[in-house]
Amino acid sequence: MYHGRTTGKGPHTQIYQQPPRLLIVHVTLPSWADICSNLCEALQNFFSLACSLMGPSRMSLLSLYMIQNQHECILPFVQVKGNFARLQACISELRMLPREGCFRPQGTSLQLAVEDGLQQFKQYSRHMTTGTVLSYTSLEITVLTSHAGKEVVKQLEEGLKDTDLSTVRRLQVVEITKGVLECMDSASPVEEPSSDESSFLGTDIDFQTVDNDIVSMEIFFKAWLHNSGTDQEHIHLLFPSPSFGNISRGTDNPMCLKCDLQERLLSPSLLPGTADGSLRMDDPKGDFSTLYQMAAQSSACHYKLRVIKAVKSTGICESVTYGLPFILRPTSCWQLDWDELETNQQRFHALCHSLLKREWLLLAKGEAPSQGHSLREPASTFYVIVPSRSPTLLVKAVATRELMLPNSFSLLPEDLPDDSLKTVESVLDGLELEPIYNPLQIWSHLYSHLSSTFAKPQGRLHPTWENRALRKHPSKAGQLQMNRVRATVAPLPITPAPSRAPKMRATSKASSEAFFQPSREEEEVEEFPSEP
């Protein structure tokens with residue numbers, strides 16, 4: 001499988017963009033009745049965010065297949081940004097799928113869905129508009145299943161052993177567990193993705209589980225918004241030589257930890273119409289997304305955090321930190337050799353442990369990549385680096401002299417009137433006390449607000465061919481329901497069932513032509529069987 005390399009050799013300057021994604025919902029009856037509502041709500045919430053985020057698009061293409069009694073393309077490859085109406089129509093179609101009955105899915109349905117999705121992606125790639133800035137060379141496939149996940153992995157390994165997977169960057173199986181998340185104690189209830197990605201079928205296929213509840217599924221999809229590129233490390237954390245003098249054995253080379261950057265939360269300034277939408281507080285020079293983009297540039301111009309000094313953990317006032325925090329992790333860049341990766345990770349863990357033991361924080365200066373020769377020294381941003389008991393460092397921007405405003409802070413009086421104390425204490429005693437703040441238990445109706453900013457489609461964007469045919473031949477309702485076919489690419493060269501062969505042959509040529517029509521929100525790419 002594809003390892004995430006970019007086209008061409010040598011340093012590249014394009015900002016990393018998420019690869020196209022193929023989502024295969026492999027949920028059969030009767031499990032669909034329990035999963036449908038949660039999955040559709042999670043997708044609706046996720047799409048409202050993904051389509052609303054300003055700045056460079058974080059997601060490129062998405063296609064969705066559904067497997068019940070057979071594989072079916074619900075959504076051909078479309079650009080996520082700017083296509084909320086089409087994505088919402090796809091969710092509406094998922095909601096309308098039958099939740100009761102007894103289907104016997106074909107044993108090869110999952111394999112055919114993967115192969116059909118790959119064929120669709122290859123055709124899309126060949127027929128993209130000339131002059132497109134980004135070239136999509138790899139595909140990530142996620143199988144969301146209600147079946148035993150490890151059995152699905154074995155099924156894929158066996159079924160795809162003769163399939164060309166050179167364009168597949170990652171193949172992931174996610175099992176939806178039957179348990180419902182009753183108490184959300186963690187702010188990120190999602191398993192860490194496997195650190196070992198497949199290089200070719202026959203090795204590992206990524207496998208994880210997700211609970212059958214809206215929050216867990218929603219957070220799983222939100223991971224698609226992260227910069228998960230492994231072409232190079234994102235940030236270099238530099239230390240002055242004396243900090244590790246005993247390790248460097250007197251050499252002049254400074255200690256450098258190679259890190260990957262990850263957002264802790266989305267900036268409200270990236271979402272239209274929110275209360276904080278007009279504020280740009282994350283960085284004196286611009287929004288947090290600026291640093292997010294800098295971290296994804298070529299290895300020749302890494303963003304650097306240069307450690308200046310250490311500070312006692314009790315010596316930083318919260319009022320002088322500002323903006324959104326971000327997280328540093330040891331890099332997982334595939335271009336580094338194994339020994340360097342291991343050494344880098346061990347030193348990163350040792351740094352977290354030592355800072356916690358000493359109760360220290362680090363003060364660091366941000367150094368953006370050089371933009372050419374200039375007589376003016378650019379303004380710098382300073383950060384405080386906070387250790388964690390997990391192998392991560394939390395980084396927050398901290399104010400400098402130029403940003404400070406005068407304030408007077410007098411000490412509280414020691415003697416207060418008894419009636420005032422009793423009144424206030426009585427009010428405080430009436431408050432519900434929580435041991436921690438859990439953001440997953442607080443919601444601001446942001447999803448519904450974002451969804452309302454888009455023009456909602458009225459049902460399906462166009463009547464399906466079944467509805468059109470029913471208006472002409474009402475007596476054929478049952479037959480049409482049983483022989484429903486939607487083709488977005490030329491059908492695979494696999495012999496169809498006898499009862500379906502004529503209809504598949506009739507749509508073969510037309511489906512290829514219909515697929516490459518320009519994508520518009522107000523129309524779906526569908527095929528219609530010829531009238532008898």
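Visitor: At roughly what angle do the axes of helix 1 and helix 5 cross?
Guide: This is a predicted model, in which local features need pLDDT of at least 70 and side-chain atom pairs pLDDT 80 or more, while totals for chains, interfaces and linings use all residues. Residues are numbered from 1 along each chain as its sequence is written, and side-chain values use heavy atoms, with hydrogens and water left out. Helices are DSSP runs of H or I with at least four residues, strands are runs of E with at least two, and both are numbered from the N terminus. The axes of helix 1 (residues 31–50) and helix 5 (residues 214–222), lines fitted to C-alpha atoms over the stretch in contact with angles from 0 to 180 degrees between N-to-C directions, come within 8 Å and cross at roughly 40°.

Visitor: Which orientation class does helix 1 have relative to helix 5?
Guide: Angles under 35 degrees count as roughly parallel, over 145 as roughly antiparallel, 65 to 115 as roughly perpendicular, and the rest as oblique. The crossing at roughly 40° therefore makes helix 1 oblique to helix 5.

Visitor: What class of aromatic pair do Phe46 and Phe221 form?
Guide: Rings of Phe, Tyr and Trp (its six-membered ring) pair if their centres lie within 6.5 Å; planes under 30 degrees apart count as stacked, over 60 as edge-to-face, and the rest as tilted. Phe46 and Phe221 are 6.0 Å apart centre to centre with 35° between the planes, and the pair is tilted.

Visitor: How many residues apart in sequence are the parts that this pair ties together?
Guide: Phe46 lies in helix 1 and Phe221 in helix 5. The pair therefore ties together parts whose separation in sequence is 175 residues.

Visitor: Is Phe46 buried or exposed?
Guide: Buried means under 20% relative accessible area, exposed over 50%, and partly exposed in between (1.4 Å probe, protein chains only). Phe46 has 0% relative accessibility, so Phe46 counts as buried.

Visitor: What class of pair do the rings of Phe84 and Phe454 form?
Guide: Phe84 is buried, with a relative accessible area of 1%, whereas Phe454 is partly exposed at 23%. Their ring centres are 4.4 Å apart and their planes at 25°, so the pair is stacked.
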